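Okay, everyone, thanks for coming.

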Amino acid sequence: MPAAMKRLAALGLALLSLSFPALAESPQGGVEVGKASAIRKLVPADQLEKAAVQQYGQIKAQAAAQGTLAPENHPELRRLRAIAQRILPHAERFNSRADRWQWEVNLIGSKDLNAFCMPGGKIAFYTGLIDTLKLSDDEIAIVMGHEVAHALREHARERLAKTQLTQLGASVLGELLGGGKYAGAFQLGGSLLTLKFSRDDESEADVVGLDLSARAGYDPRAGVSLWKKMGAASKGAPPQWLSTHPAGKNRIEEIERHLPEVMPLYEAARGKTPK
Ligand SMILES: [Zn+2]
């Protein structure tokens with residue numbers, strides 16, 4: 001590799017690990033998050049959201065064909081949608097595009113302990129997660145808040161952009177550093193559901209999720225009971241969600257550390273929302 005290319009490649013690594021100062025995006029209390037990574041702009045948000053709509057549609061169609069897509073009047077689906085209805089009005093504070101998202105919540109009959117929210121607000125829960133762990137409304141809100149936070153903070157977009165950058169290499173980086181706009185086409189190779197987020201992304205999703213659920217009037221302390229249940233469940237074969245979400249002691253400790261920031265939001269919301 002010529003020296004110039006080597007320098008560019010090294011710069012690439014530096015660019016990937018750039019950290020941004022924490023910006024106060026939550027003026028009315030709650031948790032603070034840093035500015036989202038600039039790298040994510042390599043993947044156009046609208047194209048990614050379109051791809052997510054397509055993949056979500058396929059998952060729904062497949063579940064419908066197998067008779068596992070919960071019908072509109074399914075009590076557990078109604079429960080999920082009622083929780084979403086309280087959480088989603090608070091989404092915009094973490095992503096200004098969220099007001100244009102066509103949020104969807106579905107329930108799929110499956111033993112898998114799994115739940116997700118795709119870019120653009122496409123949420124699904126698997127019955128296995130709710131039934132096996134006997135989740136309370138507060139605990140469901142914690143899971144939903146966490147998954148919604150991944151979408152709002154554009155973790156998938158960032159991950160894909162980093163993969164893209166690694167594959168495309170120095171030429172694209174040169175364009176970006178030169179102030180030019182990268183004109184290459186975004187290609188989504190594979191399923192959004194198999195993306196693995198970094199530990200930092202996971203921590204951020206935990207914290208933002210706590211904030212969202214607390215604002216919606218769900219007890220953020222359910223984060224602790226949720227992860228204890230997850231930890232107990234992971235003693236057997238690790239279910240799908242747990243394989244990407246290790247239920248360690250650190251996770252619970254970190255949630256406990258953030259409780260003082262979100263408990264006031266919860267108390268304030270409870271003043272307004274009858275439980
Ligand atoms: Zn996660």
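Let's start with E154, which is buried, with a relative accessible area of 9%. Buried here means under 20% relative accessible area, exposed means over 50%, and partly exposed is in between, using a 1.4 Å probe and protein chains only. E154 is found in the loop between α5 and α6 (155-168). Its phi is near 55°, a positive value in a residue other than glycine. As background, most residues other than glycine have a negative phi.

Quick housekeeping: this is a predicted model, where local features need pLDDT of at least 70 and side-chain atom pairs count only at pLDDT 80 or more, while totals for chains, interfaces and linings use all residues. Residues are numbered from 1 along each chain as its sequence is written, and side-chain values use heavy atoms, with hydrogens and water left out. When I say helix or strand, I mean DSSP runs numbered from the N terminus: H or I with at least four residues for helices, E with at least two for strands.

Now compare K134, found in the loop between α4 (127-132) and α5 (137-152). K134 has a positive phi too, about 45°, although it is not a glycine. Is K134 buried or exposed? At 65% relative accessibility, K134 counts as exposed.

On to the aromatics. How many aromatic pairs does a search of the whole structure find? Three. Rings of Phe, Tyr and Trp (its six-membered ring) pair if their centres lie within 6.5 Å; planes under 30 degrees apart count as stacked, over 60 as edge-to-face, and the rest as tilted. Take Y56 and F116: the ring centres are 6.3 Å apart and the planes are at 85°, so this pair is edge-to-face. Y56 lies in helix α2 (residues 45-65) and F116 in strand β4 (residues 115-118), so the pair ties together parts that are 60 residues apart in sequence. Y56 counts as buried at 2% relative accessibility, and F116 counts as buried at 5%. Ring pairs also bring in Y126, giving a cluster of Y56, F116 and Y126.

Let's follow Y56 back into its helix. α2 has 21 residues, which at 1.5 Å a residue should span 30 Å, and its end C-alpha atoms are 30 Å apart, which agrees. The expected span is 1.5 Å times one less than the number of residues. The buried residues of α2 are A45, L48, E49, A51, A52, Q55, Y56, I59 and A63. They cover an arc of only 160° around the axis, which puts them on the same side of α2; that arc is taken from the directions from the helix axis to the C-beta atoms. The face turned away from the buried side carries the exposed residues K50, Q54, Q58 and A65. After α2 comes G67, with a positive phi near 75°.

Three strands form an open sheet in the order β3-β5-β4, with mixed pairing; two strands pair if DSSP finds at least two bridges between them. β3 (104-108) and β4 stand at the edges with a single partner strand each, so one side of each is left without a neighbour in the sheet. β4 and strand β5 (residues 122-126) pair in the antiparallel sense over four bridges. Which residue in β5 is the bridge partner of F116? A124 is the partner, and C117 stands opposite I123 in β5. Side chains in a regular strand alternate between the two faces of the sheet. In β4, A115 and C117 point one way and F116 and M118 the other, and all are buried. β4 and β5 form a hairpin with three residues between them, and G120 in the turn has a positive phi of about 90°.

Last stop, the arginines. R86 lies over the face of Y218, at 4.0 Å from the ring centre. The rule is NZ of Lys or CZ of Arg within 6 Å of the ring centre and within 35 degrees of the ring normal. R251 lies over the face of W227, also at 4.0 Å from the ring centre. W227 is one of the buried residues in α9. R221 lies in the loop between α8 (199-215) and α9, and R221 is partly exposed at 44% relative accessible area. The C-alpha atoms of R221 and E256 are separated by 7.7 Å, though these residues are 35 apart along the chain.
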